[in-house]
Amino acid sequence: MAGVRFEALSKTYPGRRGSEPVPVIRELDLSIEDGEFLVLVGPSGCGKSTLLRLLAGLESPTAGEIVIGERPVSQVRPGRRDVAMVFQSYALYPHLSVRDNLSFGLRRSRHRSLPQLLQDQLSQLSRGLPAFLRVRSPREELIEQRVHTVAQALELEPLLDRLPKELSGGQKQRVALGRAMARKPAVFLMDEPLSNLDAKLRNSTRTRIVDLQRELGTTTVYVTHDQVEAMTMGHRIAVLNQGRLQQLGTPMELYRWPSNLFVAQFIGSPPMTMLPVVIGPGATLLLGSKRLSVEGPLATALPVLEGQTLTAGLRPEGWRVAPATNRNLPASVLHCEVLGNEQLISCRLHDGDHLVQVRTEPDLTVKPDDVLHLDAEPSGWRLFDASGEAIAWQDPVTAGPTLPELN
Ligand SMILES: Nc1ncnc2c1ncn2[C@@H]1O[C@H](COP(=O)(O)OP(=O)(O)OP(=O)(O)O)[C@@H](O)[C@H]1O
């Protein structure tokens, strides 16, 4: 097993017929620990699949290096990189049984002497014969053993003799996972492997992947668009935008302390509400006629910022529906969604006409056009400057606030 390092990695596709070249990955530096489960997220077209393809060797970098373990691999052919990729489309061989799909990568292994090759051929040819006539090379035995272990782990044993067309989507995806696992690669690459599955199957396969990764300890890079997968599966999340790394951290670090506006709005569903505020005296934010208090690490940064206009963000659970006072914010309800265990209310603040998403308990009865009075959790505020960088976001290493740079 091995960690992975991207060192100043860039990939630019040549433009078509005289059009501009397309930079897709831009000077990316990122280290993935040995045994880590890293989730890669970002908007469509930000370069996630390209990064996986670069790591797998299906694309060559324009500049920079990729290191697997301690080995630079930019010049190494895909088959020699010891990585296995699982795609959204499963990519099973339609004419091969589940058993043969699982063992396909193992049979293709190249380092064999001529006698081994002959022994393996003989072993393959005799597969259809009655057991007492069959010749089994040691390698063939090993392959059978691996297929058996993987089939057991993924509950594929009853399906081993079926063809892919005789499987459900979830079963096909388990075969695709099994094929990657059977090879015991140094690194697993997974490109939205669950996106073709229905919600229930997605949940069960998600936990199965997490358990398997923990058991095998194989370094894994997992691309997804799904917020739940991003928050629950990985040790860390890397957020990409336009080929640049925006933030790397544990799911809760990114959720609680996004390092910029992009991450704040990309991580979390529904996203943070963003409001233009002026920093007032005594750790307060001025929004229209209202004064909102701030507590926590951010409050210590506010005195030096007094008078500045910044963007303030609050997560949906940072708002609370409260009895009317002259301190809280009146808002008109636009619509509500009851999701069983919670309710999401979209409303429009009377101060400044801003849209706000509020997460409440499901039993609160509200309807469109009702007026609610909202309190903001003082420690829930996050602040961003004009360039979109977070102010005083908590440094996860020191767990202390990073104070803003003063001009
Ligand atoms: N072979 C290619 N030639 C030119 N441009 C390409 C090529 N492959 C990808 N691109 C472009 O590179 C950008 C990144 O593509 P990539 O598939 O890596 O994005 P992604 O983040 O995986 O997107 P999605 O989430 O939609 O799958 C896109 O703008 C895409 O059009």
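Here is a friendly walk through this predicted model, in questions and answers.

Visitor: How should I read the numbering, and which pLDDT do local features need?
Guide: Residues are numbered from 1 along each chain as its sequence is written. Since the model is predicted, side-chain atom pairs count only at pLDDT 80 or more, totals for chains, interfaces and linings use all residues, and local features need a pLDDT of at least 70.

Visitor: How many helices and strands does the protein have?
Guide: Helices (H or I, at least four residues) and strands (E, at least two) are DSSP runs, numbered from the N terminus. The C-alpha trace spans about 90 × 50 × 45 Å along its principal axes. Within it, the secondary structure comes to 10 helices and 23 strands.

Visitor: What percentage of the residues is buried?
Guide: A residue is buried if 20 or more other C-beta atoms lie within 10 Å of its own, exposed if 12 or fewer, and partly exposed in between, with C-beta atoms placed from the backbone. Of the 407 residues in the protein, the buried share is 33%.

Visitor: Which helix gives the largest share of the shell around the ligand?
Guide: The residues around the ligand include Tyr-13, Val-22, Gly-45, Lys-48, Ser-49 and Thr-50; a residue is near a molecule if its C-beta atom, placed from the backbone, lies within 6 Å of it. Strand E2 (22-32) and helix H1 (48-56) each supply at least two residues of this shell. The largest share, three residues, comes from H1.

Visitor: How many charged residues does that shell have?
Guide: Ala, Val, Leu, Ile, Met, Phe, Trp, Tyr, Cys and Pro count as nonpolar, Asp, Glu, Lys and Arg as charged, and the others, Gly among them, as polar. By these classes the shell around the ligand has four nonpolar and six polar residues, and the charged count is one.

Visitor: What arc do the buried residues of H1 cover?
Guide: In H1, the buried residues are Lys-48, Leu-51, Leu-52, Leu-54 and Leu-55. They lie on the same side of H1, because the arc they cover around the axis (taken from the directions from the helix axis to the C-beta atoms) is only 160°.

Visitor: Which strands stand at the edges of the six-stranded sheet?
Guide: This open sheet has the order E6-E7-E8-E3-E9-E10, with mixed pairing; two strands pair if DSSP finds at least two bridges between them. One side of each edge strand is left without a neighbour in the sheet, because each has a single partner strand; these are E6 (83-87) and E10 (244-249).

Visitor: Is E7 enclosed or open, and how many of its residues are buried?
Guide: Parallel pairing over five bridges links E6 to E7 (residues 187-191), and Met-85 has Leu-189 as its bridge partner. Another five bridges join E7 to E8 (residues 219-223), also running parallel. Val-187, Leu-189 and Asp-191 are buried on one side of E7, and Phe-188 and Met-190 on the other. E7 is therefore largely enclosed by the rest of the structure, with buried residues numbering five of the five.

Visitor: In the four-stranded sheet, which residue of E4 is the bridge partner of Glu-7?
Guide: That open sheet runs in the order E2-E1-E4-E5 with antiparallel pairing, and its edge strands are E2 and E5 (71-72). Five bridges join E1 (residues 4-13) to E4 (residues 63-68). In E4, the bridge partner of Glu-7 is Glu-65.
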